[in-house]
Amino acid sequence: MSHATGNFDPMATAREGTYWQPFTASRRLSANPAPRTMVGAEGAYYKTIEGKRLFDTLSGLWCTPLGHAHPLIAEAVKTQVETLDFAPSFQLTHPGALQLAQRITSMAPDGMNHVFFANSGSEAVDTALKVALGYHRTRAEGNRFRMIGRERGYHGVGFGGMSVGGIVSNRKMFAAGMIPGVDHLRHPYVPEQMAFSRGQPAWGADLADDLERLVALHDASTIAAVIVEPVQGSTGVLVPPVGYLQRLREICTRHGILLIFDEVITGFGRMGAAFGAQRFGVTPDMICFAKAVTNGIVPMGGVIVTDAIYNTFMTGPENAIEFCHGYTYSGHPLAAAVGNVVLDVMEREDLFAQVRALEPVLEESIHTLSDLPVVADIRNIGLTAAIDLKPAEGKPGARGLAVFEAGLQQGQLLRCTADTISFGPPFISTAQELRDMVATVRNLISAVA
Ligand SMILES: Cc1ncc(COP(=O)(O)O)c(C=O)c1O
């Protein structure tokens with residue numbers, strides 16, 4: 001140990017790798033931790049330990065659309081800790097979680113009137129998969145056990161979410177731990193047909209027919225659920241072609257397969273509507289959410305289910321537990337209090353309308369980068385966008401990393417995965433901030449090309 005208690009040196013600890021960080025190139029971070037060490041955040045900006053101010057181009061990890069250090073949220077946290085800091089949610093309840101459940105269901109599509117709370121997107125996904133199994137079993141269709149995910153999908157890191165996920169690097173190390181009976185739809189990204197689309201690509205609804213292929217292979221009677229992100233976020237904002245989600249819905253309905261929308265990124269306004277379900281006009285059987293519901297301040301996730309699903313579980317002896325599942329921190333009072341105030345702020349400040357107003361600004365400005373020779377594609381929808389860079393010869397990912405690290409010096413906290421830069425700025429961003437962000441990104445890309 002190079003430091004005793006009372007003489008704490010965060011940079012020395014970061015260099016030693018004591019904190020083994022998630023989804024991080026640990027040795028790269030340890031080699032030069034200072035530019036990546038955040039010590040403060042306010043509004044749409046972070047502050048690093050070196051005193052640099054960084055524009056938060058991804059709202060944290062897609063989770064802080066209201067920006068940082070919101071006074072109403074700070075006040076709600078304090079009040080809740082002083083009033084009811086914890087309450088078990090097994091066999092007990094409290095007004096904060098009840099109110100949040102009521103508000104979330106009132107924002108959800110018609111007929112989705114029940115919420116199960118978890119603490120993260122990963123837990124929300126695993127909960128939804130278990131609901132699907134329990135639903136079919138309760139209806140005496142327990143032979144429906146298969147889950148269908150999608151190539152390039154991201155559904156968190158639990159064993160269920162990992163298995164239905166389709167990002168190869170997240171799967172290959174853990175291949176032995178995949179849950180059985182999972183298959184994947186092809187991803188709906190065909191650059192030859194849809195590169196540089198603005199919003200939803202016009203071509204590609206038929207790609208959803210891939211589900212019919214899997215139904216023909218496995219038989220519908222063995223398939224419990226299909227899970228997709230309406231917009232595939234983590235892999236780099238893959239936007240569903242016009243009509244694609246409708247087609248998936250039709251096929252699921254025809255075969256009695258539950259459709260789960262994983263709206264951990266698209267939920268709570270990112271698409272300019274409460275959920276992607278409304279933006280795309282498709283009602284699934286379950287919606288997974290997390291992230292923005294608490295503005296990322298207290299971890300929370302959950303699943304919204306239809307009346308049909310909830311009512312199916314409500315059978316058997318009246319004193320029996322119908323769904324043997326849950327987390328110590330499900331519906332945590334602090335998370336619920338923050339969720340309630342976040343929804344207040346979203347409503348009072350009409351932030352979904354703000355997203356709709358900013359969407360064309362982001363679209364216009366980001367597509368101006370299409371003249372850069374190193375840019376392979378640009379996509380956008382709602383307040384999200386992504387730029388694919390052509391990989392450097394023999395060095396995939398090197399350009400993305402270089403842009404990320406240069407961004408830290410140029411006032412932009414960028415999200416680069418391999419050679420893709422993803423954007424999901426705070427809803428409170430100004431139009432000028434978005435244009436400035438794109439102008440800086442132009443310089444950064446030009447410098448590394
Ligand atoms: C669509 C989707 N599902 C699930 C998750 C996992 O959420 P968490 O990291 O909170 O477990 C994420 C995280 O980015 C996500 O984007």
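Where is the place of R36?

**View 1. R36 sits in a loop.** This loop lies between α2 (26-31) and β1. Helices (H or I, at least four residues) and strands (E, at least two) are DSSP runs, numbered from the N terminus. The structure is a predicted model, in which local features need pLDDT of at least 70, side-chain atom pairs count only at pLDDT 80 or more, and totals for chains, interfaces and linings use all residues. Residues are numbered from 1 along each chain as its sequence is written. R36 counts as partly exposed because it has 18 C-beta neighbours inside 10 Å. For this label, a residue is buried if 20 or more other C-beta atoms lie within 10 Å of its own, exposed if 12 or fewer, and partly exposed in between, with C-beta atoms placed from the backbone. From C-alpha to C-alpha, R36 and T24 are 11 Å apart in space, and they are twelve residues apart in sequence.

**View 2. Here we meet the shell around the ligand.** The ligand is surrounded by 14 residues, and the closest are S120, G121, S122, G156 and V264. A residue is near a molecule if its C-beta atom, placed from the backbone, lies within 6 Å of it. Helix α6 (residues 121-138) gives the largest share of this shell, three residues. Sorted by class, the shell has seven polar, five nonpolar and two charged residues. Here Ala, Val, Leu, Ile, Met, Phe, Trp, Tyr, Cys and Pro count as nonpolar, Asp, Glu, Lys and Arg as charged, and the others, Gly among them, as polar.

**View 3. Helix α17 has a buried side.** This helix (residues 431-448) has 18 residues and reaches 26 Å from its first C-alpha to its last, close to the 26 Å expected at 1.5 Å a residue. The expected span is 1.5 Å times one less than the number of residues. Buried in α17 are E433, L434, M437, V438, V441, L444 and I445. They cover an arc of only 135 degrees around the axis, which puts them on the same side of α17. The arc is that of the directions from the helix axis to the C-beta atoms. Q432, S446 and A447 are exposed on the other side of α17.

**View 4. Four strands make an open antiparallel sheet.** Their order is β11-β12-β15-β14. β11 (375-381) and β14 (415-417) stand at the edges, each with a single partner strand, so one side of each has no neighbour in the sheet. Two strands pair if DSSP finds at least two bridges between them. Strands β12 (residues 384-389) and β15 (residues 420-423) pair in the antiparallel sense over four bridges, and I387 has I421 in β15 as its bridge partner.

**View 5. Another open sheet has mixed pairing.** Four strands form this sheet, in the order β1-β2-β3-β13. Its edge strands, β1 (38-42) and β13 (412-413), each pair on one side only. Strand β3 (residues 53-56) runs parallel to β13, joined by two bridges, and D56 stands opposite L413 in β13.

View 6. Three bridges link β9 in parallel to β8 (residues 258-262), where F261 stands opposite I287. Four bridges link β9 to the antiparallel β10 (residues 301-305), where I304 faces I287.
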